[in-house]
Amino acid sequence: MFDFYRKRKIYLIFLPALLTVFFFFFLPILQLLRISFYQYTGMGTFNPAFSFAGYAKFFSDPYYIRIILYTIKIALIVTFISLFAGYPVAYTIVKASGLKKIICLLLIIVPLWTNLIVRIYGWYIILGKNGFINILLLRLGVIDQPLPMLFKSFSVIIGLLDVVFPWVLLILISVLEGMDWSMIEAARDLGASRWKSFYEVTFKLSIPGVAVAGLFAFVWAMGEYAVPSLLGATGKRTISIEVGDQILSVLNWPFGASIAFSLLMISFSVLFLSNYLTRLGDQYKQA
Amino acid sequence: MIDVELIHLTKIYHEVIAVKNVNIEIRHGEFLFLLGPSGCGKTTTLRIVGGLETPTEGFVKIKGDTVNHLPPEKRDTATVFQNWALFPHKTVFENVAFGLTMRKMKKKLIRDKVHQYLDMIDLSEYGDRYPNQLSGGQKQRVALARALVVEPAVLLLDEPLSALDLKLRQQMRFEIRRLQKELNITTIFVTHDQTEALAMADRIVIMNQGRVEQIGTPHDIYHHPGSTFISDFIGETNFFKGRISAVSEETCHIVLNGGDILQCVLHGEGPPTGEGCVSVRPERIFLHRNVPPGDKNVLQGRILDVTFMGSTVRRHVEFNGGMVNVDQLAGAADDGFRQSETVYMEMDPRDCLLLPD
């Protein structure tokens, strides 16, 4: 019908994008992968040998294993909080109508237009020793010493939620927005209570979407650099901070690259695992 | 026995009146149709019975008990929705079993019942399939079984056939009516399709702009429509407008705008006066080449056009003051009146129905 699409030349449209991705993303990544196998010879120099030393060190040294586990723990906490807090919010927004809905969506989207660094410094004002929360609690007499909230796991989690939560909300909203609500009516009509019909229909049907949102939150929280570097505790480092330090301060490029690729591998394996799991629960979509 | 009673039912959405003072009684085992154009309040009325909407005023009684305060899950009703609303993540078996599971029945009993109803709709082999592996007609039957399996006092159907193609629709009409009679279940069926209502209903409630226009058997509604709206909505008809004169006990004359006179048999609604509108069905008008003998109504006209409609042939006849459609069985029309021929239209006064204009 559309000869236009059959002509191969249409793919030329993608060429600039493909070239950009190739030269500015794919090639540097490949270069980094190669460096990750090099041998570090001290003082920022390295040998183009082939060694697994960096990977071996990262996955065996207890110091780095602690970093891996800490990063995963923080990412899991952020993922669960954003899903548990996000679902009811998304549900309420989807059920709202007219002006209320538009205002809610704007409240989610507008912060995304603000620069991340600016938002992180905003948390200094809120969480700091002389910050908003401490002053409020002191004035109310709830505490008599300012609570140390900044530069803790707590502030890292708050900062990561700030980054991830709006996106999780948007994903969950789009999932629930596609729900056929007459199925809820059918469930009620057949004798399911309000809660039971929600669980049996809305919730069960939204599980694949929730998995996508959770995955998104997890992978992002695992790799985020700015939040832990500006809000993180000195003693508790995340993988991305370690990568930055190795490359920028220690100048051990091979080891930094090994860690970076390990992070990528951890994220990818979670991605494949969850893809496999949702595929299992998803057979009804095949026909 | 009266199974469902709707008393002074009114529903107002944001100052728009969707349903206005509807009163209907439905007998046990009756197949009742709510028929009307879209926006006439028929679906809202059905949803009020099922508990999916709350009436602004009035009462719903099921088996003598007022159920206004009961949520849908506590009512002895089951609904087949317009898009069937099957659960896509559950198999056919699980879909049908849903209502029984919610009633916390024993597993074995559920299995037996589901199989019994899957048998009834000829889908016993399909229990393990998912809804999107079924055809439209099969989905429709699953939705029906899912509602019937809970053995509700009242079955509610909201335009369940509108998404099917014509052939399947006709087949399902027959099947639903057979099941309804077999199970002797009180049923309310909402549709805008008058042929569906005429073919399936025990009684039809005609609704228009939120109000009940007429309640009657399909035969009554078709042959004795209570208003020009119904006459126009149910089947096809010709309207003749004119002034009423020469009123007697049983008949009256209508002087048409073109000067012709039609005699109508009255049906005892009291002597009509002023302007009137006469409805004559296209199949109740007979064409002749010469003035037919007898004392029936005869109008002279000229055939403007002939339309072949399959089983019938329609002639568009122009007469002094208007246009009339005349239908004849295609076989009978073989001798054929041709275009621009002059004809005499014969109408029995008993087929000329005077309606309030």
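Analyst: K113(B) is buried, with a relative accessible area of 16%; buried here means under 20%, exposed over 50%, and partly exposed in between, using a 1.4 Å probe and the protein chains only. This is a predicted model, in which local features need pLDDT of at least 70 and side-chain atom pairs count only at pLDDT 80 or more, while totals for chains, interfaces and linings use all residues. Residues are numbered from 1 along each chain as its sequence is written, chains are lettered from A and ligands numbered from 1 in the order in which they are written, and side-chain values use heavy atoms, with hydrogens and water left out.

The partner of K113(B) is E151(B): the two form a salt bridge with their closest N and O atoms 2.8 Å apart. The criterion is a side-chain nitrogen of Lys or Arg within 4 Å of a carboxyl oxygen of Asp or Glu. The pair links distant parts of the chain, 38 residues apart, with K113(B) in helix 3 (residues 107–120) and E151(B) in the loop between helix 4 (136–148) and strand 7 (154–158) of chain B. Helices (H or I, at least four residues) and strands (E, at least two) are DSSP runs numbered from the N terminus. E151(B) is partly exposed, at 43% relative accessible area.

A second pair within chain B is D202(B) with R177(B), at 3.5 Å from N to O. Here the separation is 25 residues, from helix 5 (residues 166–183), which holds R177(B), to the loop between helix 6 (194–200) and strand 9 (203–208), which holds D202(B). Both ends are partly exposed: D202(B) has a relative accessible area of 23% and R177(B) one of 27%. Shared partners also join E185(A), K11(B), R47(B) and E53(B) into one salt-bridge network.

R47(B) is among the buried residues of helix 1 of chain B. Eight of the nine residues of this helix (residues 42–50) are buried, so the helix is largely enclosed by the rest of the structure.

Three salt bridges cross the interface of chain A and chain B. One of them joins K90(B) to E200(A), the closest N and O atoms being 2.6 Å apart. E73(B) and R188(A) also meet in a salt bridge, at 2.7 Å from N to O. E73(B) lies in the loop between strand 5 (65–66) and strand 6 (77–80) of chain B and R188(A) in helix 9 (residues 182–189) of chain A, so this pair joins two chains. E73(B) and R188(A) are both buried. Over all chains, the whole structure has 27 salt bridges.
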